[in-house]
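Let us take a walk through this assembly together. Please keep the sequence and the 3D view open as you read.

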Amino acid sequence: MKDFWYLFRQNRGAVMGLCLVLLAAVIALLAPLIAPFEPITVFNESLKLPPFWHDGANGSYLLGTDDLGRDLLSRLIYGSRVSLGIGFFVVVFNLFFGLILGLTAGSFGGWVDTVIMRLMDIILALPSILLAIVVVAILGPSLINTVIAVGIVTLPNVVRVVRASILVEKKKNYVAASKSFGASWFRIYILNVLPNCLAPLLVQASFGFSDGILNAAALGFLGLGAQPPIPEWGTMLSDARAYIESAPWLVTLPGLCILIVVIAFNLLGDGLRDALDPKVKRA
Amino acid sequence: MVIGILKKILLVIPTLIGASVIAFALIRLIPGDPVTNLLGERGGDPQVVAEMRARYGLDKPVITQYFLFIGNALQGDMGESIISKRPVSEEFWSRFPATLELAFLALLWSVLLGIPLGILAAVRRNSFFDYSVIGVSLIGYSMPIFWWGLILVIFFSVNLGWFPVSGRMNVMYDVTPHTGFMLIDSWLSPDGAAAFWDALKHLVLPAIVLGTIPLAVMARMTRSSLLEVLGEDYVRTAKAKGLDTFRVVFIHALRNAMIPIVTVIGLLVGTLLTGAVLTETIFSWPGIGRWLVKSVEARDYPVIQAGVLYLAFLIVMVNLIVDLVYLWVYPRMRSQT
Amino acid sequence: MKTTVLASLVMLLALSAQAAKTFVYCSEGSPSTFNPQLATDGTTFNASSRVVYNNLVEFKHGSTEIEPALAESWTISKDGLTYTMKLRKGVKFHSTEAFKPTRDFNADDVLFSFNRQRDPANPYNKVSGGSYEYFQGMDMGKVIKNITKKGDYEVVFNLTQREAPFLANLAMDFASILSSEYADAMMKAKTPEKVDTLPVGTGPFVFKSYQKDTLIRYTANPTYWKGTPKIENLVFSITPDPSVRSQKLKAGECNLIAEPAPQDIDALKANSKLQVMEKEGLNVGYLAFNVEKGPFAKKEVREAINYALNRKAYLEAIYMNRAALAKNPIPPTVWSYNQTIKDYDYNPTKAKELLAKAGFPNGFETEMWTLPVSRPYNPAGKKMGEMMQADLAKVGIKVKLVTYDWPTYLEKSKKGEHQMIQMGWTGDNGDPDNFFNVLLGCAAIEAGSNLARWCYKPFNDLVQQAKQTADTKKRTDLYMKAQTIFKQEAPWATLAHARVYRAMSANVTGYKIHPFGTEQFETVDLK
């Protein structure tokens, strides 16, 4: 653990990523305290006000207002809740099903393994955004369904990582030893093998965050993600497309937020990977 | 080795069958059917609605519908679009060149720029240049490309007016679609070079947008696999023998570093298709991405099931080819398969 | 010598190409087919029926009145069951790469165009999917008993029942006249579907080429029976995004754009290089009360909601003032519109009184379905739902907002699963029957277009009687009365009639917005 922290600290990018992630998390958690207004409060008299560095800005709306007169800064702040929330639940979804499927496939092997991995191949063979769009079309566009859709299309990566590391551990002596002592499946795989696979999972989780946020924003952009008035960054950006000339900041700022958060998680993931196990490659 | 290849080829079949089942079943789970959608506010006499459903085969049990679809597909008949009433295969192939042209250009520039950047970064490890490449590629693969596309449009099309806002070709050039590839067809048109330049101008921004993530991945992958190979014994030996860096990198190291790079190109096909859906939406690009998204909205079952199957086939085939190239080029990996 | 001739020819061609007047229309979507018989969407009609084809009778340019077209004149028998059409002579079909006509338009073409849609034995009935939604939707299969020709230039329609809107139906897009000779030739060549993809008609423009999702090209018809159009090339540049259309118009890449985004209209109006036209649309947006469900069976409740909704406020917030307040189920552009009807004013006190009278002094809880798609008659269903929710809360009615994706919304509402529902309608043929009967007639409950599920005998009798009366004045009286009953019984809260907008470059002349929203280019010119 100490080694890990030492290695991690060496990596300036990783530390920066961690700081950004923590900052975003704090903003998300404290949104009601930080945000000057409610994200859905409409100020009818202040439509499409520009941010403070433009002429004609109004000091009470620091980053301006949108087409309905809602404070952009507040919406962006609350938006971090939505995006981080989506990322978090996508990762939870992925880890939950990824562990079950990957562990089953890796530990039992044989036809169980074949069936599960074939299923993952099939998901990978379908164009992911199209699959996500169809899943959303089935369930209806909403935040929860965005999580499910994105979770499904990114699931194969996690299953593969879990299975691969189980297979590596399986060959090691301690597994054979516990088997010869007649240890149960549960004891071997859950108590002994699984903790040794945590490193690649942690890395995968970090990338899962960034993938989840990006995919969810893309769905939002296509109008299939979170529905207005929820301040989801992708949806906000898509709604503002009509004002791209008259109020470009409504397009640029939400996109910038997505970019920064995704970069932060990617930096963190890279750092974790290098520190935990230099050999693990991102799929 | 022959058995290994055959095994790989045979494994494609269950994947494709699975993909067809999933594509078929999922779209039928979407609430609302194409007939209701077609009639819209009008509603319709229940008898007429029943007749229309029967005409599209929607009255049969789903299992029967599936076997009909697969049976016809095996004979090369992918069904007819409910919206346009034209064969899906014709609709697909008339749009596919637009997507292919865009994807090809995107991949081309990402390879042509990404690999040299990766090599240079690896050779000058820890230099300022190296850090810049790392930083830029980090931004690149974190990029929400739908936003990136809009930013480029604001800047280069709306403000500077260098490139057109959307579409494939200025309407003033009358280009007959012989091949479907605008860069070729424009040359063949009466306006020749002028039309070609116009087509190229329309391609620049979409190709940059679609190629952004592949470029970043390519540069990163080239850099890291080259660094790995450079650290291996035989390269060190070569260096110790006094071979100059250039020779070591280009003759010995790069050849081995190409393995992961080729894999990445295979994996990028999926990324490109996803990106194509978004890029085509932003630039009103008349390709298959936009077409399939619209078909989901219209519940055009035949289009979605056949379109998804075509794309699954494409993705699986590209991956198969990448696998086979491995086996062929790198005999030492044969034993592992 | 030879080369110089060739060179001068090339130069001549180049010159003529330069001088040719090209009109670019940036349209909102791709046509699904080029045969209007097979389609239901305005995008397809714009690209086919009004450009390539003619009908027996047509709507006067920019109005809902009917005028002769391919039929020079017609007579209707006393019992209203026989329509005899005298056809125009000397009308030529287009000559294209696929087809060179050898004869003029005649009765065979009329028979072919209708029989393809009504007769399952017609060899073309099953071609291109073979479903004729509009023909069946307007009940033409049942209304037409048979069609016969008397010589080459006379056609007789025998009907099974008296049907006053029949002529208006003949002017609709699905009743476009196709060439029977072309159809026979393509059948012989074993490529019958070409009739639907490479259209040949008698209309002002000749179809030249279509690149999917990109462009459609037409050239002026030199032998057009109304005279050659003024523009030589007509191009549809398909641009689905409304803000991109506006950008293209400003950049001079289009001469005319379909449906500009509401938020762009003011900027377009302010631009001196552009002009913006507007017209009352042939539509109505409404909130229907399902009279089969609980409180809505009571007339007082329905009236109370009419009083409780501050509908004027919606015009500004939802329609951005690009609509007129609706008080009748038909827009003012349709004849028989009753000006004297008194509208419900905004009066929450009165609403409360009525609710108390109906036995709901403390209001009640209910659901409202909000429109999931943006339609001209209601561009933002959800937002309007939120405003209505607030208005109704003031009189004690607690509303839960519900919505589904569009096909599900249609399917469920058809079955009557809703309580209150936002909906709307865009007229097909300008006939009042197309509103009253389709949206409020008893038979329309089963068809799923009467969403109030309101079957009120006095109203229905008037509408059915009007449908069977040929005399327009008598019909007008009947519809006027029907509107009075409608307002008293209040099965809907009528919301708005949206205006239609078109933006074009300043040098466009001769363009008129058609009330149906379809485009016509035969009189258009560039200065």
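This is a predicted model: local features need pLDDT of at least 70, side-chain atom pairs count only at pLDDT 80 or more; totals for chains, interfaces and linings use all residues.

Along its principal axes, the C-alpha trace of chain B spans about 85 × 55 × 35 Å. Of the 337 residues in chain B, 46% are buried. Among the contacts in chain B with a separation of 6 or more, 73% join residues 24 or more positions apart.

Now zoom in on a helix pair. Two packed helices are described by the angle between their axes and the distance between the axes. In chain B, helix H7 (residues 145-159) packs with helix H9 (residues 193-230) at an angle of about 145°, and their axes are 10 Å apart. The crossing of H7(B) past H9(B) is right-handed. On the H7(B) side you will find Ile145(B), Trp148(B), Gly149(B), Leu152(B), Val153(B) and Phe156(B), and these meet Leu205(B), Ile208(B), Val209(B), Thr212(B) and Ile213(B) of H9(B). By class, the residues of this contact comprise 9 nonpolar, 2 polar and no charged. The spacing along such a face is worth a thought: an α-helix has 3.6 residues a turn, so residues three or four places apart point the same way.

Helix H2 (residues 12-29) and helix H4 (residues 72-108) of chain A pack at an angle of about 110°, with their axes 8 Å apart. Angles of 65 to 115 degrees count as roughly perpendicular, and H2(A) and H4(A) are therefore described that way. Their crossing is left-handed. From H2(A), the contact uses Ala24(A), Ala25(A), Ile27(A) and Ala28(A), while H4(A) brings Ile77(A), Ser80(A), Arg81(A) and Leu84(A). These residues divide into 6 nonpolar, 1 polar and 1 charged.

Next come the places where chains meet. Chain B gives 35 residues and chain C gives 40 residues to their contact. On the chain B side, the elements giving two or more residues are helix H2 (34-39), helix H3 (46-55) and helix H5 (88-123) of chain B. That side divides into 13 nonpolar, 11 polar and 11 charged residues. The contact of chain C with chain A takes 4 residues from chain C and 6 residues from chain A. Here the chain C side has 1 nonpolar, 2 polar and 1 charged.

Let us finish with one residue of chain C. Lys279(C) sits in strand S12 (residues 274-280) of chain C. Is Lys279(C) buried or partly exposed? With 16 C-beta neighbours inside 10 Å, Lys279(C) counts as partly exposed. Leaving aside residues up to four places away in sequence, Lys279(C) touches Arg499(C), Val500(C), Ile513(C) and Pro515(C). By contrast, Leu309(C) is 30 residues from Lys279(C) along the chain, and their C-alpha atoms are separated by 26 Å.

How values were computed. Residues are numbered from 1 along each chain as its sequence is written. Chains are lettered from A and ligands numbered from 1 in the order in which they are written. Two residues are in contact if their C-beta atoms, placed from the backbone, lie within 7 Å. Ala, Val, Leu, Ile, Met, Phe, Trp, Tyr, Cys and Pro count as nonpolar, Asp, Glu, Lys and Arg as charged, and the others, Gly among them, as polar. Axes are lines fitted to C-alpha atoms, for helices over the stretch in contact, and angles run from 0 to 180 degrees between N-to-C directions. Helices (H or I, at least four residues) and strands (E, at least two) are DSSP runs, numbered from the N terminus. A crossing is left-handed if the near helix is turned anticlockwise from the far one by less than a right angle, and right-handed if clockwise. A residue is buried if 20 or more other C-beta atoms lie within 10 Å of its own, exposed if 12 or fewer, and partly exposed in between; C-beta atoms are placed from the backbone. Angles under 35 degrees count as roughly parallel, over 145 as roughly antiparallel, 65 to 115 as roughly perpendicular and the rest as oblique.
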